[in-house]
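Please find below a colleague's note on the model under review.

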Amino acid sequence: MIPVVTEILKLDMSINLYMFHGGTNFGFMSGAFAVGMPAPRPMVTSYDYDAPLSEAGDYTTKYHLLRNLFSHYHAQPLPELPSHQERRAYQPIVIHQHLSLWDSLHFTDKPLKSERPMNMENLPVNNNNGQSYGYTLYETTMTSKGTLNSKNNIRDRALVFVDKHFVGVLDYETQELPLPDGKGKRTLSLLVENCGRVNYGKTLDDQRKGLVGDIELNKRPLSDFIIRSLDMKPGFVNRLESSGHWMSMRQRPSFPGFFQARLYVNSFPKDTFIKLPGWSKGVVFINGKNLGRYWSIGPQQTLYVPGPWLHKGDNQVIVFEEQETDGKIQFASSPDYGMTVDVQ
């Protein structure tokens, strides 16, 4: 990089660094990458693009190399660098309450009944503006066993349940799923996640999410759906917090579910990083704000928590987890993105 920038400056040309500061895609705003791939690949929550300033505002090796280069083009010495911001690895906190996904449905908008599947953008929610982000729950009744086929109509990933028991995942790669035997009418549930929309490329006009077409059981389209929007906006999270439905961790939790803990901060809050090594996949909320998504497959293993998102005293941490937890939330003073690259 430095030789390229040096050559540009020698030609007396201007330069734009993308990115100069590696920020964070808070909430569900991480997006997806689709160029040259058969299906969109979700991006990580961090936007730390090996930038001169890190996600948390730290100076990197690249920053110091560029600063040294730029100093040769100034007659006066460059000003002193602002001091490094202190980070804190708070002590691990223990989950003390949980709430199943199924019990949280009381706090969603009124469900929609639809003969055929409907994508999330066309749902009559948010003043008829549709659902933009998060999860959408599709439920219908089945009366036979057999094979479920998504016909590649799931955007982007679905957890599949029969009578609230998890049976598998459907996505772009796995489009068929055998369903267990059972008698009588049973409820089939598909919790579909919008994993992120692309923001450029040939698929830009094909970014509808949820169920975008028929789902078949034994080659017959399913019908008569009840659809619930789970966009997990602050109002929903606040309703969850104040509900009396939370259960103690002495009672075995079910998945997916919400898990609540308290982080006590005894001094001025510092930036920190959350890490969840004993968890699988989900979303973290700090004091009602959506911090972002995590996934054990990586590469990112920590989520940046800005100090201003915390306050002195008790801070509420709620985690929506899809499949497993060890009951603890850990913190670190530095990030873990799963890999490092030496800057020459």
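1. How many salt bridges are there between domain 2 and domain 3? The count is 3, a salt bridge being a side-chain nitrogen of Lys or Arg within 4 Å of a carboxyl oxygen of Asp or Glu. E193 forms a salt bridge with K281, with the closest N and O atoms 2.5 Å apart.

2. The model is predicted: local features need pLDDT of at least 70, side-chain atom pairs count only at pLDDT 80 or more, and totals for chains, interfaces and linings use all residues. Residues are numbered from 1 along each chain as its sequence is written, and side-chain values use heavy atoms, leaving out hydrogens and water.

3. The domain assignment, which is automatic or from a database, gives domain 1 (1-72), domain 2 (93-100 + 233-332) and domain 3 (116-223). The contact (heavy atoms within 4.5 Å) takes 11 residues from domain 2 and 11 residues from domain 3.

4. Between domain 2 and domain 3, about 800 Å² is buried, and carbon and sulfur atoms give 47% of this area. Buried area is the accessible area (1.4 Å probe) that two parts lose on being put together, summed over both. In domain 2, the residues losing the most area to domain 3 are R293, E322 and Q323, together 47% of what that side buries.

5. Helix α4 (residues 234-241; helices are DSSP runs of H or I, at least four residues) has F236, V237 and L240 buried, that is, under 20% relative accessible area with a 1.4 Å probe, protein chains only. The buried residues of α4 line one face of the helix, because they fall within an arc of 95 degrees seen down its axis, the arc being that of the directions from the helix axis to the C-beta atoms.

Technical notes. Buried means under 20% relative accessible area, exposed over 50%, partly exposed in between (1.4 Å probe, protein chains only). Helices (H or I, at least four residues) and strands (E, at least two) are DSSP runs, numbered from the N terminus.
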